[in-house]
Structure formats: C-alpha cells, structure tokens
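Please consult the sequence and structure shown here.

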Amino acid sequence: LFSSFFTRFSTILSPTRSEQAFEMKTFLHSITNYIPNFKFPQDEDQSTENLKHDRKTCIMVVGKSGTGKTTLLNIYTGAKEEVGFQSMGVTDATVMIEDSIHEHAPVWFDNPGWSDPGGRSDSKVFKDYLRKMQDEQVSNLKAVVWCVPSFCRNVSDLKGEAKFIDQFTVEEEAGNIWSNVIIVAMGKIYATVELDCQGAKEAARELRGYAEPTCLGWGLATQDMLQVERQVRIETFRALTEEEIRERMEDAIETLPPPVQVLFSNQGCKACGQTGDPRLMEDKCHRRKKPAHHGELVQRFSKLVTGATLAVGAVAATVIFGVCMATGIGELSLIAFPILMTPGGTMAGHRLLNTASGAFKINDKIWSCCGAAEVGGKECTYICDLCGVKWGKGEPCVFIRNPDNNLREQISSHEVVNKDHELVPADQLDENLD
C-alpha cells in the first residue's frame, strides 16, 4: 500500500521539483529507513525498452581506477555493471551505458580509469574515451563526472587528470568544459564537501583560473548507518542512500549549462607523418630534422658507361691501326691511339681514385637521389637526427610527453623531448613534406 502511494505521489510531484514535493519526498525517505529491505519502486513505463535516449549526447565518468565510477553510474542509470573494491577496478574497456531511469537522458561512458592496475597508460585511457565518442558518433558532452577520493588533496596527484579533462574542449572551445564538470568526492574526510573536493578544484584552476566545477561528496550509507536519524546521517556523516545520491546528481546535472561540443579535426604531423585528431595521435614523434640525402653515394661514371667507352675506344683504335698498317702510314696510329683511349681511361682512373685511400683518394662521387656532388653539393631532403629516417615518415623514435608509470613499465628505454607535433591540415601534409 505504501509503495503504491509513493509511486502515485512521486509521479505527480517529482517533475515540478517544488519545495513542497521535495519536503514530502524527504519525509517519505525518512520513513523508509525503518522499513527493512524497502526499495523505491520505478514507474511501470520506465523500462529501458520504453525510454528514449539522447544518443548524440553523453556523460563521461572519469577518475582513478577504483574510485567508485561504475558504482555511481549504476546508481544513476540503473545499470548492473560489475564493480570492484578500493583501488581495484573491474571495467576493462570503454563502454557506453544507456540510462534506464531517466527519459531522454544522455548515454554514459565508463572505462578502466587512470592509474589502471591492469597496466593501461593514462594517455591510452583518455584516447579510448575519444575514440568511443567517434565510434558511437556522439558529439555532445553534457557532463564530466570526475570521481576523486575525499582524502586526496594533493594537487600534483590530480593535475594529470585535470589536463586530460581539459582536452575534451580545444581550440576556440578550450576551457569551456569546466562549466560542465562535476567533482564527486567519494567518502567524507573533511568538514565540508568543498574541502573534500579542494585538491581537484585547485588542479583545475591551475589550468584554467576561472574554472568553477560543481562539487559534490558522499559515502554510500551502510545498513547500520541507516539506523541513524536522517538529518544527522546526511549532514554529519554525509552517508546517503542510492536514491538520495541519484537525486543530488539529478539536481547537479539539471543546473549545468548546455552540452559542450567535442570537435575532432583531421590534421597531420610534418615531423612523423601521423594523421587524425592531435589528441588521438601517439605521444611520440621524431626528434629533430637535419639536412641530408636519402640516396647513397655512387661513382660519377658507372661501370657500364666506363666499359662501353673503353670498348669503343679500343675497337676504333684497332680499326685505325689496321688501316694505317695497310696503307703504310703506321705512325698515324700512334697518334690516334691515345686520343681514342683517353675518355675510357679517364673514367676508369676516376673510379679507381674514388675508391683509393690515402693521398691518392679523391672525393668526387655523386648522390644517387639528386645527382649532387659528394663535396659541396646541397642536400635534397631532411632526416631525423636520431633514427635517420626520412623526416615525416617511419616509426616515431622519441616521446614528446613523459610516459606515466604504467607505460614506463612497458618500455625498456626511452628518450623524452618536450615538443609538440608539427601540425598542418591533413590534406596539405604531402605538399608540406615535399
């Protein structure tokens, strides 16, 4: 009977969010604390099949692995995703979850989280969020729910997470994301929610001084805590039921500004040749470019040309010698022979001296790629000064961001050069490389 009354009453009053409705719902919640195993019923038509979803808009839940991201997602959306304990997350890939409670609600994205015990690098976790948005053709971001442990007030520990969140909006939209960020401090350590969220908020403001994310905080009420008077439980212990958590999240999301657009660009790096959105590019590139040739040094006169010239000279000299002997003017052949053999002999001598050593060696080869002289010739291309690969091609050889602990454990050695990708529109990449 009570369940039936609550369903009818909340259906009538919930949409208005009037103070009178809220007070009555609070009263009903206080009663349910004394009813064992009571769960608030959902409206009969609020099934996943009947609900309409906004599949172009999403809510991202982010934070370190094991900070309660999936638990919060389950509470708000009615999903049944598996959850872990403490620092051990369970989600092993970026997943899209439909909201089975709210009409016309955005979809939610969840993934393993940062500092993943499974070994994924933080950069890969962030890129997986963006790739999932691309794959699902989701372009609007209603909220980023940033879950942090309430005991973490060390700004340096949270700055890396804040940098990833900041990258959801770039270029003209840079920084706009922070109006749509909800920081959720899991648990209660300090006297106020603001203090529990202080570390995350300061990390955001170090990037964007105007950042003003919404701050929430709570712990999930245990059965023993439910025996405590409701006002004391909420205000003193900040221990909330699932329904109370959902209501606070609903209020927070409703007060957010319109969704921000997550825009993807198609660019190319002149240094390493990667293409696509810069945020999805690998954090590696070539080190520095230096002028060079992409061919090899070769003899100025090839074996074929040298041999042919010698052969022609020898044949011509033989013919003239025969003619001269037949006509009785053999002395003429002595004059013709050096003239006919000199071109081939010069080429052969040139080749010999180019391969000699010591005082007799000459450096007069040419580059096969452009024909430039070995000495004094202008380089025709650029290569990486570290790996020797042609600039703009091949496998990148240095990191341009410091790898996090998880990534560092997966690589034997690395060099870090603080630089950015040399970006141009992707359709102009080839002409810039030329």
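Phe168 counts as buried, at 1% relative accessibility (buried means under 20% relative accessible area, with a 1.4 Å probe and protein chains only). Phe126 likewise counts as buried, at 1% relative accessibility. The model is predicted: local features need pLDDT of at least 70 and side-chain atom pairs pLDDT 80 or more, while totals for chains, interfaces and linings use all residues. Residues are numbered from 1 along each chain as its sequence is written, and side-chain values use heavy atoms, without hydrogens and water.

The whole structure contains 6 aromatic pairs (Phe, Tyr or Trp rings, the six-membered one for Trp, with centres within 6.5 Å; planes under 30 degrees apart are stacked, over 60 edge-to-face, the rest tilted). The ring centres of Phe126 and Phe168 lie 5.3 Å apart with planes at 65°, so this pair is edge-to-face. Because Phe126 belongs to helix α4 and Phe168 to the loop between α5 and β5, the pair ties together parts 42 residues apart in sequence (helices are DSSP runs of H or I, at least four residues; strands are E runs of at least two; both are numbered from the N terminus).

**The nonpolar core**

The largest nonpolar core has 39 residues, and Met60, Trp146, Ile165 and Phe168 have the most contacts inside it. Such a core is a set of buried Ala, Val, Leu, Ile, Met, Phe, Trp, Tyr and Cys residues joined through side-chain atoms within 4.5 Å. Met60 touches several residues, among them Phe109, Tyr129 and Phe168 (contact means heavy atoms within 4.5 Å).

Definitions and conventions:
Buried means under 20% relative accessible area, exposed over 50%, partly exposed in between (1.4 Å probe, protein chains only). Lists of a residue's contacts leave out its neighbours within four places in sequence.
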